[in-house]
Amino acid sequence: MSDVVVDGRGLTLEDLERVARASAPVALAAEARERMAASRAVVDRALAEDAVVYGVTTGFGRLSDRRIAPEEIAALQINLLMSHAVGVGEPLPEDATRAMLLLRANTLAAGFSGVRVVLCERLLDLLNAGVRPRVPVQGSVGASGDLAPLAHLGLVLVGEGEAWWDGRWRPASEVLEAVGIEPLVLEAKEGLALVNGTQLMTAVGILALLGAERLVETAEVAGALSLEAMRGTRAALHPAIHAARPHPGQVESAFRLRALLGATSGIGESHLDCGRVQDPYSIRCMPQVHGAVRDSLRHVRGVLEVEANAATDNPLVFAEEGLVVTGGNFHGAPVAAAADFLAIALTDLASISERRVEVLMDPAFSGLPAFLAESPGLQSGFMMHQVTAAALVSECKTLSHPASVDTIPTSANKEDHVSMGAWAARKAARVLENAERVIAIELLAAAQGIDWLRPLQSSSALETAHAAVREVARHYADDRPGAPDIEAAAELVRSGALVGLGG
């Protein structure tokens with residue numbers, strides 16, 4: 001697997017996922033080393049001149065008016081990590097933790113943090129060695145960045161805190177020794193540079209976005225299967241309709257649905273003269289709803305692509321001007337709003353999918369047996385599958401209340417407006433998990449509906465999709481526990497195996 005080269009400017013979301021989930025190796029670009037050395041020289045000069053520089057020769061936050069003696073500067077940095085490591089809750093998943101490590105290294109590599117090159121190298125060393133710091137998920141308000149989570153991440157570099165190794169959480173000092181990495185002794189500015197930034201919310205947000213992009217593609221496969229199973233009309237997909245309201249996502253979704261359904265199919269031909277004019281909105285308005293989701297995801301991607309390569313530290317060091325300037329790039333507002341938008345879009349995608357499941361359950365709309373059961377009454381069929389989908393969608397609706405509209409002042413009102421971006425991103429990730437299972441339920445129900453129409457065949461793309469579902473879940477002939485089928489179908493959804501169907 002080729003290296004992901006970290007240069008502070010060109011990290012793609014797809015490369016981040018390769019590092020986070022496929023353990024792609026990482027390396028630091030030569031030009032990044034040069035920029036970092038130049039910015040470090042500015043900090044060293046400020047130290048030599050005993051200049052007043054926030055976080056270098058002063059305390060932090062509300063204590064920034066306190067001068068720090070030269071002999072105490074190193075202690076200031078380690079004290080910052082120790083005092084800020086107050087996160088609680090479950091550990092961040094491994095993929096998100098690896099994404100955090102990469103993002104923090106990438107922002108340091110941009111050359112605006114004034115740290116030594118070795119600090120960035122050590123973060124990359126942890127990734128290449130497979131060391132996973134223990135980062136509790138709760139404790140960030142997303143103002144001076146994700147302070148507490150990043151403090152836990154940074155502790156491992158100095159041999160403190162915990163890391164996952166050989167099947168359990170161990171003291172970081174033991175893990176570093178096992179992999180041959182020397183603990184760092186932090187110098188001026190470096191503790192601050194480790195904790196100031198938006199890397200937890202951005203890591204979780206990016207991974208959720210990538211899953212959401214796969215999900216909307218898979219939802220269109222599920223929706224097309226549902227349209228075929230209920231013998232719906234394709235009239236609402238006519239290109240002229242969408243050209244008359246040319247939102248990019250709507251046009252794209254309509255095109256994809258037409259491609260999935262094909263020019264014709266045995267199922268489609270079987271009801272050409274049935275007289276049906278309109279289908280329920282959940283079928284008829286798929287391009288409008290799915291398209292709005294696509295457009296929302298496009299916006300979120302744009303925000304996260306900027307944030308992944310942004311300097312979110314404070315203060316920032318501008319080597320060419322010889323300046324150290326304090327500001328607010330650590331504030332998580334852009335990511336928080338984008339994550340809330342992501343959760344809202346995914347909730348709508350799950351909501352319309354659940355309605356299609358209901359349509360398939362109802363003989364008045366679908367023309368199929370009630371609840372898709374072999375013997376309705378004696379058997380409940382997919383009755384409870386729809387109930388589970390409804391429960392998941394309800395959770396999504398609650399989780400879609402925006403976190404970014406909340407703020408609780410901290411640090412004795414020095415940090416008087418915060419973003420709650422970490423919670424916004426974590427909520428979006430939970431909504432994604434729910435939505436994946438809702439789409440999985442629709443795939444199972446639609447495949448069951450197609451079974452009832454045999455020996456008629458659908459399009460080539462949808463027959464491939466049906467076969468993929470049947471590989472993980474057999475036809476629901478007799479009532480049986482449906483949970484294993486749902487989880488197997490959800491894994492099919494998460495895998496992205498259905499994304500490329502239809503061309």
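Strand 6 (residues 162–165) and strand 7 (residues 168–171) run antiparallel and are joined by 4 bridges. The model is a predicted one. Within this pair, Trp164 has Trp169 in strand 7 as its bridge partner. The hairpin of strand 6 and strand 7 has 2 residues between the strands, and Asp166 takes a positive phi there, near 55°.

Arg132 stands opposite Trp164 in strand 6.

### Pocket and cavity

The second largest pocket has a volume of about 550 Å³. Its lining counts 23 residues, and Pro93, Val204, Ala429, Arg430 and Glu433 lie nearest the centre. Strand 3 (88–91), helix 4 (94–109), helix 9 (199–229), helix 18 (421–452) and helix 20 (483–495) each give two or more residues to this lining. Helix 18 provides the largest share, 7 residues. By class, the pocket lining holds 13 nonpolar, 1 polar and 9 charged residues.

The whole structure has 1 cavity of 30 Å³ or more. About 50 Å³ of space lies in the largest cavity. Phe382, His385, Leu444, Gln448, Arg470, Arg474, His475, Tyr476, Arg480 and Asp485 line the largest cavity. They divide into 3 nonpolar, 3 polar and 4 charged.

Asn434 has its place in helix 18. Its relative accessible area is 8%, under the 20% cut-off, so Asn434 counts as buried. Leaving aside residues up to four places away in sequence, Asn434 touches Leu392, Glu395, Cys396 and Leu399.

Asn196 sits in the loop between helix 8 (190–195) and helix 9. With 2% relative accessibility, Asn196 is buried too. Its side chain reaches the backbone oxygen of Asn314 at 3.0 Å. Beyond residues up to four places away in sequence, the contacts of Asn196 include Arg104, Ser144, Leu147, Leu150 and Phe330. Thr312, Asp313 and Asn314 are also among them.

### Cis peptides and positive phi

Asn314 takes part in a cis peptide bond with Pro315. Pro315 is found in the loop between helix 14 (286–308) and strand 8 (316–318). Another cis bond runs from Arg454 to Pro455. Pro455 is found in the loop between helix 18 and helix 19 (460–472).

Asp50 and Phe371 are in loops as well. Asp50 lies between helix 2 (30–48) and helix 3 (73–84). Phe371 lies between helix 16 (363–366) and helix 17 (383–399). Asp50 is partly exposed, with a relative accessible area of 42%. Phe371 also counts as partly exposed, at 30% relative accessibility.

| Site | Feature | Angle |
|---|---|---|
| Asn314 and Pro315 | cis peptide bond | omega about -5° |
| Arg454 to Pro455 | cis peptide bond | omega near 15° |
| Asp50 | positive phi | phi near 55° |
| Phe371 | positive phi | phi near 60° |
| Asp166 | positive phi | phi near 55° |

Notes. Residues numbered from 1 in each chain as written. Predicted model: local features only at pLDDT ≥ 70, side-chain atom pairs only at ≥ 80, totals over all residues. Heavy atoms only, no water. 1 Å grid on protein atoms, 1.4 Å probe; cavity = no way out; pocket = protein on both sides within 12 Å on 5 of 7 lines; lining within 4 Å. Points joined across faces, edges and corners; volume = space filled by probe spheres on them. Nonpolar A, V, L, I, M, F, W, Y, C, P; charged D, E, K, R; others polar. Pairing = 2+ DSSP bridges. Buried < 20%, exposed > 50% of the residue type's maximum accessible area, 1.4 Å probe, protein only. Contact = heavy atoms within 4.5 Å. Polar contact = N/O pair within 3.5 Å; in protein donor to acceptor, adjacent residues only side chain to side chain.
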